[in-house]
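User: I would like to learn how to read a structure of this kind, one feature at a time. Could you give me the general idea first and then the case at hand?

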Amino acid sequence: MRSRGGELSLGALFVGTLAFLYLPIAVLVGLSFNESGLPTAWGGFSTRWYGELVRDEEIKDAALATLVVALGATTLSVLLGTPLAFGLDRLRSRTLDGLVFVPMIIPDIVYAIAFLSAFNLVFTQKLGQQLGLWSVVLAHATFGIAFVAIVVATRLAHFDHSTVEASLDLGASELRTFLEVTLPQIAPGVIAGALIVFTLSVDEFVIAFFTAGIEVTLPIKIYSMVRFGVTPVVNALAAVVLGVSIVLVLAAMRLRGREEAA
Amino acid sequence: MRRGRVGSAALVSPALLWWAGLLVLPVGLVLAYSFFERGVYGGVVYDWTLDNYRRAWDPLYLGVLGFSVRVALESTVVSLLIGFPVALFIATRPARWRTVLLVLVILPFWTSLLIRTYAWIVILNDEGIANRALRELGLVEGSVRLLYNEFAIVVGMVSTYLPLMILPIYAALERLGPELVEAAADLGANAWKRLWTVLVPLTLPGIAAGCIFVFVPSLGNFIIPDLLGGGRRQMVGTLVQSQFLEARDWPFGATLAVSLIAMLLALVLMQAWLGKRSSREEAVTRAV
């Protein structure tokens, strides 16, 4: 037997690590319900800051902009990433498989300046088109495609191709086979990928900051609230955004977990 | 397969074309800008020059690069020291618990980096929770400076990227099979020796992958040094940002970005060359 001491210290380290990882989240959620709004003094439980959050027109506009960007980026990522996953599954090229990971290792600041440079040169200087939410959508879809492709490709790796063969042999058309045999089986992967891209887009700050022009998304709003005068409303906003991310990611994990069990 | 390579090409080409236009071209443009001159009022003058790269060797900027590497290394080492035992703990739990514990570890990673980094400002400032806790424990009088320094940046990095260290090490331990891990972790005496002679060598690919996963995003991070370094300590990421948005020197900002990509690419290629690509991809697949 391993010493109980060793076992206990591993367990303690694990609990400590969880505390370390969740401390920032817990602190903000706690603070968002603090009447005084100050991190230094507990003024009693209150939903006051959530009330102010709901009444804040600028935050409402930023939330709407964020939603538009995330929906646009997610749609594009699914439309391009899903076929890519199917193609990767068929081609079985290690080079292509590796290529899909390239968009994920590029630092966001490099993406940000690359997009700004290219958009500025092509759209602003040549076409006289100002940057806005549309340019953030294009930028977010660029890494979103990779995430959808990877998640769907994992699903396809567990996919039983004989069901497709059977359907075709039984005389179903390719379209019907895709819609009624393939799609239902890979749908959880597509939805999981979509949820992940949606979450990433909602939370993404650096690239949006560089490519949004004069538009303001929620992370840009949060950044300016943090950098230039913190009001307690930011804590309530942060708690809401954290909650939304956690729910979406848990849903994505659930969808993916079922696939691994199958 | 019924449909041939033409069908497959049709499936992959929309995404590849998208990346050609929105990834390869923009990054190529940054590469090109790094060889051009800066205009008097910002912007880019299309005259070839190597001045930007010469300027990057200025001790001022080499210092920033050195500091970035140091912070990324410190974050990697701290993450490894915490991450390996945590991965070992999870891998030695009963099967039905492992998934739950892994989800608990990964979940914070998928929440907003900006918001969690802001939370560390609340925690680490002079009147923050950390300082009050230290005072309550009688460890300090007054307050210690925990924010706007190297310590704060490393805390932010580790709390962000630690899950990326734990996942590949856990995957490597899991692949060994529970029996081997148990056997190596058990047997009381000489646990340390067994750790070093069995577990560490056998999980080395996972450890290497975890180190790359933590080092790479730490090196180029912008938000963490920007918010927790308080503008006092620059890293490559914040320097690129200030060259683009404040100094309006796009060519030099581009040069710094190219240097950053070159370093990251060298690291990732080295990792791939070591033949651990499959384990790396598997681990990333798990993380998403």
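User: What share of the contacts in chain B with a separation of 6 or more is accounted for by residues 24 or more positions apart?

Analyst: A contact here means heavy atoms within 4.5 Å. In chain B, residues 24 or more positions apart account for 68% of the contacts with a separation of 6 or more. Before going on, note that this is a predicted model, in which local features need pLDDT of at least 70 and side-chain atom pairs count only at pLDDT 80 or more, while totals for chains, interfaces and linings use all residues. Residues are numbered from 1 along each chain as its sequence is written, chains are lettered from A and ligands numbered from 1 in the order in which they are written, and side-chain values use heavy atoms, with hydrogens and water left out.

User: Where in chain A is confidence lowest, and where is it highest?

Analyst: The guide is pLDDT, the predictor's confidence in each residue, from 0 to 100. Where pLDDT is low, the predicted coordinates should not be read in detail. Chain A has a mean pLDDT of 90, with 97% of its residues at 70 or more. Confidence in chain A is lowest in helix α5 (residues 102–105), at a mean of 82, and highest in helix α10 (residues 206–211), at 96.

User: How many helices and strands does chain B have, and what are its overall dimensions?

Analyst: Helices (H or I, at least four residues) and strands (E, at least two) are DSSP runs, numbered from the N terminus. Chain B comes to 14 helices and two strands, and its C-alpha trace spans about 75 × 70 × 30 Å along the principal axes. For burial, the cut-offs are under 20% relative accessible area for buried and over 50% for exposed, with partly exposed in between (1.4 Å probe, protein chains only). By that rule, 54% of the 288 residues of chain B count as buried.

User: Is A85(A) buried or exposed, and which residues does A85(A) touch?

Analyst: A85(A) is found in helix α3 (residues 57–91) of chain A, and A85(A) counts as buried because its relative accessibility is 0%. Not counting residues up to four places away in sequence, A85(A) touches A149(A), V152(A), A153(A) and L156(A). By contrast, P39(A) is 46 residues from A85(A) in sequence and 47 Å away in space, C-alpha to C-alpha.

User: Which side chains meet K221(A) in a salt bridge, and what does the pair tie together?

Analyst: Side chains of opposite charge can pair when their charged atoms come close. A salt bridge is counted when a side-chain nitrogen of Lys or Arg lies within 4 Å of a carboxyl oxygen of Asp or Glu, and the whole structure holds 13 of them over all chains. One of these joins the side chains of K221(A) and E58(A) (2.6 Å, N to O). Since K221(A) lies in helix α11 (residues 218–227) of chain A and E58(A) in helix α3 of chain A, the pair ties together parts that are 163 residues apart in sequence. K221(A) counts as buried, at 13% relative accessibility.

User: What does the pair of R227(A) and D226(B) join?

Analyst: Their side chains meet in a salt bridge (2.9 Å, N to O), and because R227(A) lies in helix α11 of chain A and D226(B) in helix α11 (residues 223–228) of chain B, the pair joins two chains. R227(A) is partly exposed, with a relative accessible area of 38%, whereas D226(B) is buried, at 12%.

User: Where does N120(A) lie, and which residues are in contact with N120(A)?

Analyst: N120(A) lies in helix α6 (residues 108–126) of chain A and is buried, with a relative accessible area of 18%. Leaving aside neighbours within four places in sequence, N120(A) is in contact with F115(A), Q125(A) and W250(B).
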